[in-house]
Amino acid sequence: MARESLPARIAAQRERRAAEQRIRVRRSVLHRDGARCEVMGADGVPRWLLNFCGNDYLGLSQQFAVAGALQDMASREGAGGVASHLVCGHHAAHEALEREVAEWLGVPSALLFGSGYLANLAVLQALLGKGDVCVQDRLNHASLIDGAQLAGCALRRYPHADPEAALRQLRGWPDGAALLATDGVFSMDGDIAPLKQLALVARVQRATLYVDDAHGIGVLGEEGRGSIDDAGLDSAAVPLRLVTLGKALGSYGAVVAGEADLVRHLAETARPYIYTTALPPAQAAASLAAVKLARREHWRREKLAALVQRFRAGARRHELELLPSDTPIQPLLCGAEADALAMAAALERQGFWVAAIRPPTVPEGSARLRITLSAAHTEADVDKLLDALARARDYARAGVFATTA
Ligand SMILES: *Cc1c(COP(=O)(O)O)cnc(C)c1O
């Protein structure tokens, strides 16, 4: 028998990753306090850092009404989800959240999922199959790629933010159903998809446009309705969209919102909806409180936008080269992985937590610091980060990292 040994294979793979410095480690957070968090160091000593790599854009994750809603519901209804939605897990708290999101976004229908990752698997798996095509931006989130694989449809990826390429790919697949899927705000780049043009492409090609608005919801548009509202589009142009609750809304879970027939089809047939336990009602209550705050508290978006502008203006002064982005995701391109890692380490020594994002999460040669801003930051926090970034960059240029990193 020539069967390959699984343990031997994964050991060899790990050695290769180690040689490429691609071992991923998790860092334990001991406490969070707004934008500050206490993190366990590699030396076993915890340290407080100013966090610039979370997705809590509106600063809602520790807002007292959000945490309080979770606490209240948990004390009455318990901690668990009990069963899947179609058995006996569906709770009035889930439905209240779905109604609120649908009303907020001005769409007929909404369905709550365990997470954004599951929701993307569900949408693609339930809508597409063999003979169909899913056309996607090359920089789309991994969950959209995985969803297409689960669906068993053809997957075509077009160059980033290129609607004409999307059009060509749809033309090249004239038979079978077509879904055109894009991130609304690209998670590692921070730029906004050309949604108006993509909507036009979808219309002329009779494809269904699906927008994953994980990073746009709460942040962009009137009342934080996201990138679709920001582009002046409605649910006729975008029949289905993903709203995640774990980022700007500071909670957990995700909602797919849009046309009633499509949403009902998901609820009745999508495997990642049916074969999983419902979110705890307490989590849904927290999300509902967060949505209400995100809609009403415009100052969070205004403060965030002002911090983004302040950061970009400061970066220009310090000659730090940011990718073009007007969203809270402000990547600083490093190119080489070692440079991104060294910059992140230098920032940590100065008290800042910024994630180095490396391949395969981003394309080869485009390692970066993914800096994210939040309404929980202050202007002084942003100014201090800029100084620290400039210092880290100057060290890198002087080649100091070789000895200190
Ligand atoms: C985070 C993210 C998801 C997954 O959402 P979770 O709720 O974290 O599972 C999906 N799409 C994009 C673009 C994301 O950034």
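This is a predicted model: local features need pLDDT of at least 70, side-chain atom pairs count only at pLDDT 80 or more; totals for chains, interfaces and linings use all residues.
The chain is assigned two domains. Over C-alpha atoms, the centres of domain 1 and domain 2 are separated by 28 Å. Domain 1 contributes 18 residues to the contact, and domain 2 contributes 14 residues. On the side of domain 1 that touches domain 2, two elements give two or more residues each: α13 (298-317) and β11 (329-335). The largest share of that side comes from β11, with three residues. By class, this side of domain 1 holds 10 nonpolar, five polar and three charged residues.

The largest nonpolar core contains 124 residues. Within this core, L180, V255 and V256 have the most contacts. Helix α12 (residues 281-296) supplies the largest share, nine residues. Both domain 1 and domain 2 give residues to the core, so the core lies between them. In soluble globular proteins, nonpolar side chains tend to be buried together. The surroundings of L180 can be listed in detail. Apart from residues up to four places away in sequence, L180 touches V135, A166, L170, L198, V201, A202, A207, L209 and Y210.

Helix packing was examined for α5 and α6. Helix α5 spans residues 116-127, and helix α6 spans residues 142-151. Their axes come within 8 Å and cross at roughly 35°. The crossing of α5 and α6 is right-handed. From α5, the residues that meet α6 are G116, Y117, N120, L121, V123, L124 and Q125. Their counterparts in α6 are S143, L144, D146, G147, A148, L150 and A151. The contact of α5 with α6 comprises eight nonpolar, five polar and one charged residues.

The loop between β6 (154-158) and α7 (163-171) holds A161. Phi of A161 is near 55°, a positive value in a residue other than glycine. A161 counts as buried because 20 C-beta neighbours lie inside 10 Å. H160 is also found in the loop between β6 and α7. H160 has 16 C-beta neighbours inside 10 Å, so H160 counts as partly exposed. Leaving aside neighbours within four places in sequence, H160 is in contact with D137, R138 and L139. H160 and P194 are 34 residues apart in sequence. In space, H160 and P194 are 10.0 Å apart, C-alpha to C-alpha.

A positive phi also occurs at E319, a residue other than glycine, with a value near 55°. E319 lies in the loop between α13 and β11. With 8 other C-beta atoms within 10 Å, E319 is exposed.

A cis peptide bond joins P359 and P360. Omega for this bond is about 10°. P360 is placed in the loop between β13 (355-357) and β14 (367-372).

Definitions and conventions. Residues are numbered from 1 along each chain as its sequence is written. A nonpolar core is a set of buried Ala, Val, Leu, Ile, Met, Phe, Trp, Tyr and Cys residues joined through C-beta atoms within 7 Å. A residue is buried if 20 or more other C-beta atoms lie within 10 Å of its own, exposed if 12 or fewer, and partly exposed in between; C-beta atoms are placed from the backbone. Helices (H or I, at least four residues) and strands (E, at least two) are DSSP runs, numbered from the N terminus. Domain bounds come from an automatic or database domain assignment. Two residues are in contact if their C-beta atoms, placed from the backbone, lie within 7 Å. Axes are lines fitted to C-alpha atoms, for helices over the stretch in contact, and angles run from 0 to 180 degrees between N-to-C directions. A crossing is left-handed if the near helix is turned anticlockwise from the far one by less than a right angle, and right-handed if clockwise. Ala, Val, Leu, Ile, Met, Phe, Trp, Tyr, Cys and Pro count as nonpolar, Asp, Glu, Lys and Arg as charged, and the others, Gly among them, as polar.
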